[in-house]
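Open your viewer and keep the selection tool at hand. This tour goes stop by stop, with a short note on what to find at each.

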Protein chains: 2
Amino acid sequence: MYTEPTTFSAEEYFATQPPPPTLDHDIEKVREFIQRQNKEGRSVVLVTSGGTTVPLELNVVRFLDNFSAGTRGATSAEYFLKAGYAVIFMHRQFSLQLFSRHYSHSTNPFLDFLEIDGPLSDANNSNDPDAAPIISVTPEKRADLLEVLSMYKDVHKAGTLHTLTFVTVNDYLWLLRAVSQEMALLGRKSLFYLAAAVSDFFLPRQKMSIHKIQSGKGSLHIEMDQVPKILKPMVDEWTKEGFIVSFKLETDDNLLLPKARQALERYGHQVVIGNDLHRRKFEVVFVSRKESEFDEYWLRIDLGEHHGPAHHAKEIEEDIVAELVKRHNAWIEKGKL
Amino acid sequence: MYTEPTTFSAEEYFATQPPPPTLDHDIEKVREFIQRQNKEGRSVVLVTSGGTTVPLELNVVRFLDNFSAGTRGATSAEYFLKAGYAVIFMHRQFSLQLFSRHYSHSTNPFLDFLEIDGPLSDANNSNDPDAAPIISVTPEKRADLLEVLSMYKDVHKAGTLHTLTFVTVNDYLWLLRAVSQEMALLGRKSLFYLAAAVSDFFLPRQKMSIHKIQSGKGSLHIEMDQVPKILKPMVDEWTKEGFIVSFKLETDDNLLLPKARQALERYGHQVVIGNDLHRRKFEVVFVSRKESEFDEYWLRIDLGEHHGPAHHAKEIEEDIVAELVKRHNAWIEKGKL
């Protein structure tokens with residue numbers, strides 16, 4: 001059976017696709033967070049991070065995914081916090097998170113640097129927690145962990161981080177719209193850092209199969225529709241004063257600048273950060289408009305710049321965030337004229 | 001462009017699809033591990049865990065995935081270790097792992113139960129690690145963590161766990177073949193616990209697009225071929241004496257038993273464990289052959305059975321593993337007749 005692909009406008013999308021069940025609850029918490037930050041005079045950045053999925057079945061067994069561990073988003077969010085921003089971190093479930101990203105279960109498992117002090121005896125059979133031996137971080141890992149842990153505790157105390165999770169591209173689109181609308185309250189003090197790897201395609205609920213697609217009937221055909229271009233209504237309707245930064249990831253170098261310029265032209269937002277799949281850890285390009293011209297600003301780091309422990313290696317996100325904070329502040333000032 | 005789907009036999013698959021670049025290196029380590037366990041007289045179980053991906057591009061941005069956090073595999077592997085088995089844990093990169101699974105970054109983040117003892121002062125600017133304040137596990141989390149950490153350390157010391165990772169279905173197939181062939185050395189003392197969620201479909205390298213598929217040209221069409229039925233050569237050629245347990249996940253209850261029986265009939269291995277997507281945490285069915293009949297053994301747990309801290313909640317994998325160890329031992333004994 002072949003069905004003609006449908007092109008959805010954002011409006012049609014939201015009129016036909018169901019919201020995630022926790023949307024209202026999630027947004028109520030976002031609203032409280034934004035109101036508090038606004039009262040305390042902070043700028044707020046929405047950082048989106050990780051890949052979105054497109055489930056092929058309602059009882060989902062298989063899905064299309066976009067490659068992203070969430071490094072760009074989680075790392076940048078830490079630098080935004082350091083720069084004094086409040087952060088709404090909207091990330092794919094199980095993608096990397098701030099702080100704990102330094103201790104992934106595969107590369108630097110935290111169990112490796114814990115040690116049991118004192119004899120085990122039969123203390124673990126006791127119900128008195130004070131009778132259990134002390135477990136502490138090995139001396140050689142202490143200094144390393146201390147910086148991360150201190151910042152983690154400070155941020156929790158200050159209440160400047162709010163976390164939201166998505167899985168599907170549908171979750172993502174509904175959340176993005178609702179959060180953008182809430183952030184309108186902040187006027188120019190809102191920054192959007194859209195680093196999530198969002199699917200360009202989706203399967204409308206009306207076309208999804210209910211149960212697991214059976215194999216044994218030959219090959220698999222999937223026919224997907226295009227996800228509406230969400231930046232357009234974001235700029236024009238949801239958050240008219242927000243400073244919006246989107247990302248363009250390509251694997252073909254020749255497409256990077258043309259695609260970035262095309263996005264700016266089409267949606268009229270502030271910055272597109274272009275990155276090549278294989279060079280994204282040390283090279284990005286900021287594309288923006290300067291009157292009727294395009295402005296390109298290349299940012300590169302030397303990956304050899306290592307000093308101190310592993311997590312002190314230079315991260316390009318430090319420079320990306322510094323540059324954006326500068327541009328965002330100029331944008332805020334301009335709004336006061 | 002429409003290309004006729006190809007049906008690959010396992011032999012054709014390996015003749016046309018390239019092995020992962022680290023295969024030889026990975027298998028050398030597996031061989032050493034198996035030889036050592038064999039010398040020390042242990043049974044070895046291969047536990048596969050997590051979902052496989054099917055990349056759509058050579059420079060991969062998008063991929064098809066199979067839903068699986070890796071809970072079944074990681075949990076079962078812990079119980080196999082407790083039962084005295086050596087474990088080869090072959091899992092999807094970033095899926096849940098043994099031990100650390102109890103402390104996922106989202107549900108029980110380990111940074112939450114670490115505390116900094118002593119004043120921070122400027123110790124973090126010092127290069128002397130002994131000058132840094134001590135970081136230890138909070139008393140209320142100690143007893144909980146102690147059991148996990150002790151087992152983690154014991155297993156590392158005994159050298160009874162070997163970990164391998166895969167990402168794509170191609171990685172998985174090549175690794176599975178090579179590990180099975182190595183495990184043949186163990187004769188009947190080898191158990192295969194194939195809990196990974198393996199794609200039924202794949203995109204032959206010859207049909208993959210080199211660069212990121214561009215959107216903006218309408219909808220996405222994907223046309224995939226069927227993955228060869230790998231259990232057949234596994235049983236007939238690679239590991240003739242191994243005890244093989246495969247899994248069947250369905251969302252439609254009516255298909256569970258027929259599909260499980262069909263698999264046994266087709267491949268002639270020992271057990272199919274059938275599970276329904278929504279009931280898999282508390283109900284599974286073992287399907288096996290008894291002479292010319294099918295034998296069905298339902299295993300259910302009461303999810304209310306909680307005693308003690310969170311990670312002491314009853315896990316169905318404990319009972320699955322106990323049942324399999326019994327059956328595997330009977331199989332080993334039968335081989336001695």
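Start with one residue: does A:E291 count as buried or exposed? Select A:E291 and show the surface. A:E291 counts as exposed, because its relative accessibility is 79% and the cut-off for exposed is over 50%. Keep in mind that this is a predicted model.

**Stop 1**

Now look at the backbone. The phi angle of A:E291 is near 50°, a positive value in a residue other than glycine. The hairpin of β13(A) and β14(A) has 2 residues between its strands.

Next, select residues 283-290 and 293-300 of chain A. These are the strands β13 and β14, which run antiparallel and are joined by 8 bridges. Find A:E283, then look across to β14(A). The residue opposite is A:R300.

Jump to chain B and select B:E291. Here too phi is near 50°, positive in a residue other than glycine. B:E291 sits in the loop between β13 (283-290) and β14 (293-300) of chain B. With a relative accessibility of 79%, B:E291 counts as exposed.

**Stop 1: the sheet of eight strands**

Return to chain A and show it as a cartoon. Its secondary structure comes to 8 helices and 14 strands. Which order do the 8 strands of the open sheet follow? Trace β7-β4-β1-β8-β11-β12-β13-β14 in chain A. The pairing in this sheet is mixed. Neighbouring strands are turned by 20° against each other on average, with direction ignored.

Zoom in on residues 44-49 and 190-194 of chain A. These are β1 and β8, a parallel pair joined by 5 bridges. Select A:V45. Opposite it, in β8(A), stands A:L191.

**Stop 3**

Select residues 231-238 of chain A. This is helix α6, which lies across β8 and β11 (243-250) of chain A. Helix α6 runs at about 175° to β11(A).

Now select residues 253-267 of chain A. This is helix α7, lying across β11, β12 (271-276), β13 and β14 of chain A. Its angle to β13(A) is about 35°.

**Stop 2**

Show both chains. Look for an open sheet of 4 strands in the order β2(A)-β3(A)-β3(B)-β2(B), with antiparallel pairing. Which strands stand at the edges? They are β2 (53-55) of chain A and β2 (53-55) of chain B. Each has a single partner strand, so one side of each is left without a neighbour in the sheet. The twist averages 25° from one strand to the next.

Select residues 62-66 of chain B. This is β3, joined to β2(B) by 3 bridges, and the two run antiparallel. Click B:T53, then find its bridge partner in β3(B), B:D65.

**Stop 3: the two copies**

**Stop 4: the inside**

Hide the surface. In chain A, buried residues make up 56% of the 337 residues. The largest nonpolar core has 109 residues. Which residues have the most contacts inside it? Select A:I88 and B:I88. Around B:I88, look for its contacts, including B:V30, B:F33, B:L46, B:H162 and B:M183. Apart from that core lies another, of 88 residues, with A:V47, A:V148, A:W331 and B:V45 among them.

**Last stop: a buried arginine**

Select B:R101. This residue lies in the loop between β4 (86-92) and β5 (114-117) of chain B. Is B:R101 buried or exposed? B:R101 is buried, because its relative accessible area is 13% and buried means under 20%. Not counting residues up to four places away in sequence, B:R101 touches B:A74, B:T75, B:E78, B:L96 and B:E315.

Methods. Residues numbered from 1 in each chain as written. Chains lettered and ligands numbered in written order. Predicted model: local features only at pLDDT ≥ 70, side-chain atom pairs only at ≥ 80, totals over all residues. Heavy atoms only, no water. Pairing = 2+ DSSP bridges. Axes fitted to C-alpha atoms, helices over the stretch in contact; angles between N-to-C directions. Core = buried A, V, L, I, M, F, W, Y, C linked by side-chain atoms within 4.5 Å. Buried < 20%, exposed > 50% of the residue type's maximum accessible area, 1.4 Å probe, protein only. Contact = heavy atoms within 4.5 Å.
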